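Dear colleague,

I am handing over the structure below, and after it I set out what was found. Please read the notes with the model open beside them.

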Amino acid sequence: MPTRQLALGCAASALVAWFVWSLLYNGYLGPYWLWPLMLITPDGWYQSMYFVVASWSYYAVVLIGIAVFFGRLGGWPELLRRARAAVGRANARAVAAEAAAPRAPDPESDPALWPQMRADGAVEVAERLSAELRDGRMTDVDYARIDHAWRSGRSRAEISEEVRARGAAACAHGSGARDLPARMGRHDLALRQVRIGTAADSDRNPQAYRGAGVALEPAVLSTSALVVGSPGAHAATGIVGPVVESLCLQALAGQAAVVSVTSSGTAVPRGAFDVVLRVGDASVPHGLDLYAGLDDPDEAASVLAEALVGDLAEAGGDSRWASMSLAQLIGPWRSVHGEFPGVAELRDLLSDEAARADLRAALDERGLGAHRRDLDAFERRSAAPGGAVEELATRVALLDRPAFHGFIAPHASEGAADARRVLSLQHLDQPIRVRIELPERAHAEAARILTRLVLAQFTLWAASRRDRSLFAFLVLEDAAQAITPQCLRGLQQLRTSNAGVLFTLRTLSEIPEGLRDHLLAAVGCRIACVGVSPWDAQHFASAWGTEWVETEMVTHRQIRAEEPMTKVWHALKKIATGKHVTAKSVTVRREERQRWSASELANELQTGQAVISMTTVRGDRMPPVLTNLNQ
């Protein structure tokens, strides 16, 4: 019952109680209510002090009885309970305000005083850094970078010397940058978190999460993430942009390596990256390594095959047939020329018999019989029906375009003049920031091949790093047709390799039907934005599963009185509460329901909202929570 209505009922019951007592005390109801007093008083005591005391005691008992009766009738106990609770909350707020009052910092616990350095005996270095912080010459990136360097096992004598010489600029990133040109998100580099929104204060969310901030960190992103929603769902600016920005800041602090595959319209500026690769821009001094920096022909062929025809493999299948075909070509070529073939040479080897004849002659001339047998095996495979080799040649031809000249190159040999122009992802043990811009509309199929190539290289090198102290992360802003069976197998390896991938899709229909549920099962962070279709929502609803809930069904039945006294009591209670006397019946039932139904996901999300669930590498889980982005 609302407190206002309860207070009115209490006031009405008090007024009725006072009225009844007035009638009794002034004799309007007769002397009947005094009969118990008359019965216990002897005849000769009416003029004694005993009768005075007994009569006033009797009045008190009657008055207390009237007060208790009408008090319970009007709800006075509930009103007093609420008043005590309000006083308790006020006292708790006062105590919290007193506890939050500013106090002198403790040198052993205040991060601004560098307690770890002081505990390690570097008091002079800690004082210098504290002064830099007080004077405003130190940013949060500087603090995170120096603190990480001190705790990571780097030579502390070297760090101390740098701090004395450069102050807050010590232990700088290889680019020399100490911050990004601009920021769009709210970051906490001490916790390595970026805030992406606030859990809505809605009945759709569990009570513990309502109004809480929602943030992403490496412990969550290591399980990989999937964002699905329409292009206008604020996914790029509300989720992808802050995540990329956070990882770029962590890279400047020496804690992460990030690779972003995007279009030119992304929210994070190019100045936030160390290396920017753009298709069709001859001024860019870097190109993408076609063979992932590998020297083994079989491994290089496996990565390239995944990029070229990985999307053609059925669910549960692979691209080993393509890998074997490519290995039978690039292995002999490398044995003759000392390096892997470029795009144009590979296209000729796949589609031109004359090119293969020249390679065969060169092999015979050098006496490389094993490679000659590989080339002969390819010839037999290419002659078999099915068109597998023709499909490889078609896909390679998509990359052999003038727009991609200089952007894709084979791994150059040691000491080659153009070695600096070739970039592979084998340096994920360094805090690099790489941005790869692919065309949005022109060469769409080639862009998807390159996306799969980057994904395959990232999965290979992130999982095979010896030093996994840096968090490696790949962001694919358009992962259409990039999801393959081999990709899903690689995601499981990334969880234990301190690495992850963020996939962004407009709809799940952009990937094969047999892989949709497998993708949702492989990632630990699932985000459904506004605009998700009912078919996609069904997959999310199935992935989030069900939960046991207790439902209460309350029924009220009006009680009709038959006895005169009962009718009077009901009338008084109606006057006090304003309601008829009813009997309440409560039925509690335990049942299993979906956390989010497909209809709710498809129709109830508003602009700027998303439903987010998370899982950490330690297994901690957050249920799907309705989140207001950018709040």
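This is a predicted model: local features need pLDDT of at least 70, side-chain atom pairs count only at pLDDT 80 or more; totals for chains, interfaces and linings use all residues.

To begin with the rings, Arg204 lies over the face of Trp596, at 4.2 Å from the ring centre, where a charge is taken to sit over a ring if NZ of Lys or CZ of Arg is within 6 Å of the ring centre and within 35 degrees of the ring normal.

Residues are numbered from 1 along each chain as its sequence is written, and side-chain values use heavy atoms, with hydrogens and water left out.

Searching the whole structure gives nine aromatic pairs; rings of Phe, Tyr and Trp (its six-membered ring) pair if their centres lie within 6.5 Å, and planes under 30 degrees apart count as stacked, over 60 as edge-to-face and the rest as tilted. Phe69 and Phe70 make an edge-to-face pair, with 5.0 Å from centre to centre and 90 degrees between the planes. Phe69 is partly exposed at 37% relative accessibility, whereas Phe70, at 6%, is buried (buried means under 20% relative accessible area, exposed over 50%, partly exposed in between, with a 1.4 Å probe and protein chains only). One aromatic cluster is formed by Trp21, Tyr25, Trp56 and Tyr59.

In helix α13, residues 343–351, the buried residues include Val343, Leu346, Leu349 and Leu350 (helices are DSSP runs of H or I with at least four residues, strands runs of E with at least two, numbered from the N terminus). These residues lie on the same side of α13, because they cover an arc of only 125 degrees around the axis, the arc being that of the directions from the helix axis to the C-beta atoms. Among the elements that cover them are α11, α12 and α14.

Thr223, in the loop between α9 and β4, counts as buried because its relative accessibility is 1%. Although Thr223 and Leu491 are 268 residues apart in sequence, their C-alpha atoms are 7.9 Å apart. Beyond its neighbours within four places in sequence, Thr223 has contacts that include Arg495, Cys525 and Val617, contact meaning heavy atoms within 4.5 Å.

With kind regards
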